Amino acid sequence: MAAPDSIVIIGAGQGGAMAAAALRTQGYAGKLTLVGREFHPPYERPPLSKAVLRDAAAEAAAAIHAEAYYAEQDITLLRGVEVLALDRTERRISLSNGARLPYDRCLLATGGQARTLPSLPPGMPGVHYVRTLDDARGLRACLRAGARVAVVGGGFLGLEIASTALESGADVAVVESADRLLPNALPAPLAAWLAARAAALGARLHLSARIAAILPPTPDAPAGGLSLDSGVALPADAIVVAVGLQPDVALARAAGLEIDADNGGIRVDAHCRTADPHVLAIGDCASQHRDLLGRHARLESWQNANEQARVAAAAMLDADPPPAPYPWFWTDQFGCNIQMLGMPVAGLAYVCRGSAMPEDSAPKLVWLGHRDGVPVHGVAINAAADLRQLRVLFERGIRIDPGSFADVNVTLKPWIKACQQAATPA
């Protein structure tokens, strides 16, 4: 196709802002417009449940670029504007301010919205969903010593918020319907260790729990509270709902683009292109085939948004995309930095390097999930450097001896080198 004269990016979050930057870095000099529904300049979302929730001063550091960057790079940033329609025939988008923007390439980086519970709708007094900077500001005002905070959801976001609330001195209860924390991300023994860690730091965990009723507000409990199916009542000053994300694909669906029936994302190829060669999609809203899983999936991660932004920028300029990195995730909670490499899939055997009690001040562990000795999934607790060293074994599919990996008397760096040498034909 001819080089694009005009590129429009819909969605001014992590993926959209990074794609705009990547286009300029890769030499694109044409018209570039970034459209966002929020009035804030593009910002990173991971700090919303951590640093920004603790301290208003952290908001500035969450900005993806300095505000002057967009003008300096000749990127038109439209803030507080909704995209009403995507016309693929005419190749233009209609905006809530009445404008219509033509495009040669259109990138959908629409992300998603917090999945809501009908019994705890957004706007209900005392109920908080944390997806935007304004959401984090609203919850931050409620976090104080002695405040009773009920968190619904034991996934990454819910646990990060619970951890931050504990740091503020709040009394925190976590309600999770599964029988363990992070059931789709951690092996069962590590999930049990994390639960013990959270409990040791003061979190009250209610696993395999269902909400039976919503308690009405009282002068003593402004948010009312939750009544669980176990009979436990949780009066609350604030209720936080963190039960996942709903990909924002309404615009794509209305435009006739293919939506993945299994995960709800916009179907894209390895270069983030939809079936329409002029329209691409990245980030939380995009469904792409993942070799590790053997199927299409949406990856809701900071790394994925950044990597797909670079891939999509190259594709829009008909350039060769960078190679796909091994999936990587991270979270900070309960005094631990948790880094994850790869994805948990069925049939893995796990081995642990190191030992630590949940209440230790600085625990350090690395769990490695392998299939017949080939590393597939790694989880590091306060051991990011170790996991970085191990990355080559994952990327090259090098078989290891799990027993020697678990032996803390074996020094990791020479052990990794020996594994590589053993895998190299003589």
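Two strands are said to pair if DSSP finds at least two bridges between them, and helices (H or I, at least four residues) and strands (E, at least two) are DSSP runs that are numbered from the N terminus. The model shown in these views is predicted, so that local features need pLDDT of at least 70 and side-chain atom pairs count only at pLDDT 80 or more, while totals for chains, interfaces and linings use all residues. Residues are numbered from 1 along each chain as its sequence is written, and side-chain values use heavy atoms, with hydrogens and water left out.

**View 1. An open sheet of three strands, β18-β20-β21.** The three strands of this open sheet follow the order β18-β20-β21, and their pairing is mixed. The edge strands, each of which pairs on one side only, are β18 (266-267) and β21 (295-297). Strand β18 runs parallel to β20 (residues 286-290), to which two bridges join it, and R267 has S287 as its bridge partner in β20.

View 2. Strand β2 (residues 31-35) is largely enclosed by the rest of the structure, because four of its five residues are buried, where buried means under 20% relative accessible area, exposed over 50% and partly exposed in between (1.4 Å probe, protein chains only). Strand β1 (residues 6-10) pairs with β2 in the parallel sense over five bridges. The chain passes from β1 through helix α1 (residues 14-25) to β2 in a β-α-β crossover that is right-handed, a term used if, with the strands pointing away from the viewer, the path from the first strand over the helix to the second runs clockwise. The bridge partner of I10 in β2 is V35. Strands β2 and β3 also run parallel, joined by four bridges, and L34 stands opposite L77 in β3.

View 3. Most residues other than glycine have a negative phi. D74, although it is not a glycine, has a positive phi of about 55 degrees, and its place is the loop between α3 (69-72) and β3 (75-78). D74 counts as exposed because its relative accessibility is 52%. D318 is likewise not a glycine and has a positive phi of about 55 degrees; D318 lies in the loop between α8 (302-316) and β22 (328-333). With a relative accessibility of 47%, D318 counts as partly exposed.

**View 4. A60 in the loop between α2 and α3.** A60 is found in the loop that links α2 (51-54) and α3, and A60 counts as exposed because its relative accessibility is 65%. Although A60 and Y43 are 17 residues apart in sequence, their C-alpha atoms are 8.8 Å apart in space.

View 5. On a 1 Å grid over the protein atoms alone, a pocket is an open set of points with protein on both sides within 12 Å along at least five of seven lines, whereas a cavity is a set of points where a 1.4 Å probe fits but cannot get out; lining residues have an atom within 4 Å of a point. Grid points are joined across faces, edges and corners, and a volume is the space filled by probe spheres set on the points. The second largest pocket has a volume of about 520 Å³, and of the 24 residues that line it, those closest to its centre are Q288, H289, R290, A324 and P325. The elements that give two or more residues to this lining are β20 and α8, and the largest share, five residues, comes from α8. The lining divides into 13 nonpolar, seven polar and four charged residues, where Ala, Val, Leu, Ile, Met, Phe, Trp, Tyr, Cys and Pro count as nonpolar, Asp, Glu, Lys and Arg as charged, and the others, Gly among them, as polar.

**View 6. The largest cavity and its lining.** The structure holds one cavity of 30 Å³ or more, and the largest cavity has a volume of about 40 Å³. Among the residues that line the largest cavity are R148, D171, R204 and L234. At least two lining residues each come from β10 (148-152), β11 (171-175) and β15 (233-235), and β10 gives the most, with three residues. The lining of this cavity divides into six nonpolar, no polar and three charged residues.
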